[in-house]
Amino acid sequence: VCAHCHGFTPYCFAQAPPDLDPDDRSAGPKMRAALDAALRSKCTGQEKYASVLCLGVEIVRGKRSILGYNTENKPFVKVYLSLPTLVPKLKRCLSEGVGVGKDVAWRAQTYESNVPFVLRFMIDNNLAGGSWCEAPAGSFFLRGTSGKLPKATRCDVEIDVIFDSLIAHPREGSWSRLAPLRVLATDIECQGRKGHFPEPEKDPVIQISCVVQLQGSDEPLCQVIFTLNGCAPISGAEVVPSKTEEELLQKWSTFIRRVDPDIITGYNTQNFDMPYLLKRAAALAKSGKKLGTFFELGRIVGSRARMRETSIQSAQMGKRENVDTTVDGRVMFDLLPFVAASCLQSSRRRRRQHAIAATPHTQHRNESLAPKARHAQVHVPQPQALVLLPEFGVCRVPGHAEGGRAPLDYLGAAAGHGRRST
């Protein structure tokens, strides 16, 4: 089901001008016009075609900043914008100063301006990650029917609804169950040159294996292997041979769209498998091969899978470079960073136990712990020794989905890139 939610606009708070009269009804329109003009000067791309950038300014009372020590409630303004990408531009405008009809420019600190738009929508409407919501009868229009808008996705049901018509159900009673998510685990094999690590510009993909399983089910729905030039029969799996590499990639892409998974998982899928497939397909297309709709792996019609390189640095994990692959409508959940983080935390807990057992104060009570801790400290499984088990991903994802308010696609970010700042 795809629900197009209308009427919810991005916003953030800012300190009101020091000379603001909260009872002046003309203050709001003046600030809105000044902010709209300031934002217009910084518009790029599609933003400059919007007729109105700042939708309105509301004066908010009874709030106090928690930044530093404050005992006085001061007036704030709540600024509504037409596009989520305008929020950082608004922050920059207010930091540089906005003229509001006075000789002194309005410079202000913004608040809640770094909250992602999707997360803001969920928080304001009490939608928790992995929970259920309901659109009552008569509150929505069904797309794809006579006289209505055409469908924009490959979903079975597609509706248009006003955002405040949705009913968010807390995870209690019958609403506490997790949806039967469809999980696809995938892995690729490449034919590398001797002495060289496979490169997508030169080395072909010779095999793609897929296992599809429903959340809560003990048996997979299907196990399929796409191979180049065929292979020997494999027990329990269906072998799909292809004569050319571009035919193999097209068959796999068609399989993804027909199976329609909610989650795509695997080991190192974000940093190797998915980027390699996309780069290899781009290299084949550049050489004149026809790949059709290979890049349309998501649920939005005409939307291509895309990737971007990211990096994060922390004292705990050091500097890590990753590839963030986006497939609209599907969660990319890489198990390798998740398993590595779990092993690291387990190893640190064992080292702490070993340190406690080694201290003179507790040595007489924990002598039996030291040998085990020393052994466990170095017993960390290596990534290449791990076996791709779809069941691992299936059983782990619900715990994360039910554990917080974040959207489901934040799971991959939490595992691969650290916690996102809100």
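At what angle do α1 and helix α2 (residues 86-96) pack, and how far apart are their axes? The angle is about 105°, and the axes are 10 Å apart. An angle from 65 to 115 degrees counts as roughly perpendicular, and α1 and α2 are therefore roughly perpendicular to each other. Bear in mind throughout that this is a predicted model.

**Stop 1: where α1 meets α2**

Select Leu-35, Ala-38 and Leu-39 on the α1 side.

Is Ala-38 buried or exposed? Ala-38 is buried, at a relative accessible area of 17%, because under 20% counts as buried. Beyond its neighbours within four places in sequence, Ala-38 is in contact with Cys-93 and Val-98. Now pick Gly-99 and draw a C-alpha to C-alpha distance from Ala-38. The two are 61 residues apart in sequence, yet 8.5 Å apart in space.

**Stop 2**

Move along to Lys-48. This residue lies in the loop between α1 (27-40) and β3 (54-60). Lys-48 is partly exposed, with a relative accessible area of 48%. Show what surrounds Lys-48: leaving out residues up to four places away in sequence, Lys-48 touches Arg-40 and Cys-43.

**Stop 3: helix α3**

Select residues 117-124, which form helix α3. Which residues of α3 are buried? They are Leu-119, Arg-120, Phe-121 and Met-122. Step past the end of the helix to Asn-126, which follows α3. The phi of Asn-126 is positive, near 60°. Most residues other than glycine have a negative phi.

**Stop 4: a buried glutamate**

Next, select Glu-158. Its place is in strand β8 (residues 158-162). Glu-158 is buried, with a relative accessible area of 1%. What does the side chain of Glu-158 reach at 2.9 Å? It is the backbone nitrogen of Ala-152. Now show the surroundings of Glu-158. Setting aside residues up to four places away in sequence, Glu-158 touches Cys-2, His-4, Phe-141, Leu-142, Arg-143, Lys-151, Ala-152 and Thr-153.

**Stop 5: the end of β13**

Go on to Ser-242, in strand β13 (residues 238-242). Ser-242 is buried as well, with a relative accessible area of 3%. Which residues does Ser-242 touch, not counting those up to four places away in sequence? Select Thr-227, Leu-228, Asn-229, Glu-247, Leu-248 and Lys-251 to see them.

**Stop 6: α4 against α5**

Color helix α4 (residues 245-259) and helix α5 (residues 269-286). They pack at an angle of about 130°, and their axes are 11 Å apart. That makes α4 oblique to α5. Their crossing is left-handed.

Show the side chains at the contact. From α4, take Glu-245, Glu-246, Leu-249 and Trp-252. From α5, take Met-274, Leu-277, Arg-280, Ala-281 and Leu-284, which the α4 group meets. The residues of this contact divide into six nonpolar, no polar and three charged.

**Stop 7: between the two helices**

Asp-260 sits in the loop between α4 and β14 (263-266). Its phi is near 55°, a positive value in a residue other than glycine. Asp-260 is partly exposed, with a relative accessible area of 22%.

Then select Asn-268, in the loop between β14 and α5. What is the phi of Asn-268 near? The value is 65°, positive in a residue other than glycine. Asn-268 counts as partly exposed, at 26% relative accessibility.

**Last stop: the whole chain**

Zoom out and show the cartoon. The secondary structure comes to nine helices and 17 strands. Of the 422 residues of the chain, 39% count as buried. How many of the contacts between residues at least 6 apart in sequence join residues at least 24 apart? The share is 65%.

Terms used
Residues are numbered from 1 along each chain as its sequence is written. This is a predicted model: local features need pLDDT of at least 70, side-chain atom pairs count only at pLDDT 80 or more; totals for chains, interfaces and linings use all residues. Side-chain values use heavy atoms; hydrogens and water are left out. Axes are lines fitted to C-alpha atoms, for helices over the stretch in contact, and angles run from 0 to 180 degrees between N-to-C directions. Helices (H or I, at least four residues) and strands (E, at least two) are DSSP runs, numbered from the N terminus. Angles under 35 degrees count as roughly parallel, over 145 as roughly antiparallel, 65 to 115 as roughly perpendicular and the rest as oblique. A crossing is left-handed if the near helix is turned anticlockwise from the far one by less than a right angle, and right-handed if clockwise. Contact means heavy atoms within 4.5 Å. Ala, Val, Leu, Ile, Met, Phe, Trp, Tyr, Cys and Pro count as nonpolar, Asp, Glu, Lys and Arg as charged, and the others, Gly among them, as polar. Buried means under 20% relative accessible area, exposed over 50%, partly exposed in between (1.4 Å probe, protein chains only). A polar contact is a pair of N or O atoms within 3.5 Å; within protein, one must be able to donate a hydrogen and the other to accept it, and residues adjacent in sequence count only if both atoms are side-chain atoms.
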